[in-house]
Amino acid sequence: MYLKREVTLVIKDTEFELVTSEREKYFSMTIIISTGLKDVLPNIENISDFYGKTLFHCPYCDGWELRDKPLAVIIGDQVQGFHFIQTIYNWSKDLVVLTNGKVFQNAEQKNLIRHKGIKIIENKIKKFEGSNGHMQKIIFDNGESVLRKGGFVMPQLVQSSDFGKRLGCEYNSLGGISVDSFGRTNVQGVYAAGDASVINPAQIIIAAAEGVRAAAGVNTDLTQKEFLDESVYYHSPFITDFSGFIPRKQIINFIF
């Protein structure tokens, strides 16, 4: 069953109670959190007009299309930024690194970047110029500009929902929900899949595969629980009359 509903509240008791924005209630023995991530972009005027068209965040996904073009690399975290620059350099040698108003602190890395012929500009970015999402120029607060045909930016990746946090799930160092190889979290009955658990690399094929693994985890755990519970019921020496036995209704797993 597929329902187009917005879940606003999840309550864990002996089972899970899910409340929607329409105040409907659903009950489930297990849930899979697959709400994904949100890209929080730098606070730059009109950046969203170019993001996803000529400005991207994943060099593995979109590097081929921008190969050999004059590119900008907008970095935030300079520790991860250095690796980011190296990866993009594999696609184009015509790079300009933009720190968006921050000082590039690591002198050794700075020298290595400059040795590769890459210019570092520490001015704050004001806006982008171009048409229909096709970048032509980047304007800085001081009025200077640089011509670029595209680029890559390091957005802050945050969870799209806080259900994991509210339910008491543990998180890994990258901000994803910690899971085992079958999507199980530290909270019994709560599973996570996709970008909600695997922050990097964030790709559709990996997210889909994680969904399959979490589904296998749910199926395994519910099947085992059902089997063991009914075995105890049927083999109990204290129960001799089964005439009033009503089979348990199908256990529901809720994915959102």
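These are my notebook entries on a predicted model.

**Ground rules.** I number residues from 1 along each chain as its sequence is written. Local features need pLDDT of at least 70, side-chain atom pairs count only at pLDDT 80 or more, totals for chains, interfaces and linings use all residues, and side-chain values use heavy atoms, without hydrogens and water.

**Overall.** I looked up the secondary structure and found five helices and 16 strands. These are DSSP runs numbered from the N terminus: helices are H or I, at least four residues, and strands are E, at least two. The protein has 256 residues, and 37% of them count as buried (under 20% relative accessible area, 1.4 Å probe, protein chains only). I put the accessible surface at about 15,400 Å², with 53% belonging to carbon and sulfur atoms (Shrake-Rupley method, 1.4 Å probe).

**Largest pocket.** I find about 980 Å³ of space in the largest pocket. Its lining has 29 residues, and Gln80, Phe84, Met154, Pro155 and Leu157 are the closest to its centre. A pocket here is an open set of points on a 1 Å grid over the protein atoms alone, where a 1.4 Å probe fits, with protein on both sides within 12 Å along at least five of seven lines; lining residues have an atom within 4 Å of a point. Helix H1 (59-62), helix H2 (78-89) and strand S14 (156-159) each supply at least two lining residues. H2 gives the most, with four.

**Hairpin.** I then checked S10 (residues 125-131) and S11 (residues 134-140), which run antiparallel and are joined by six bridges. Lys127 stands opposite Ile139 in S11. Two residues lie between the strands, and Asn132 takes a positive phi near 55°.

Technical notes
Buried means under 20% relative accessible area, exposed over 50%, partly exposed in between (1.4 Å probe, protein chains only). Grid points are joined across faces, edges and corners, and a volume is the space filled by probe spheres set on the points. Two strands pair if DSSP finds at least two bridges between them.
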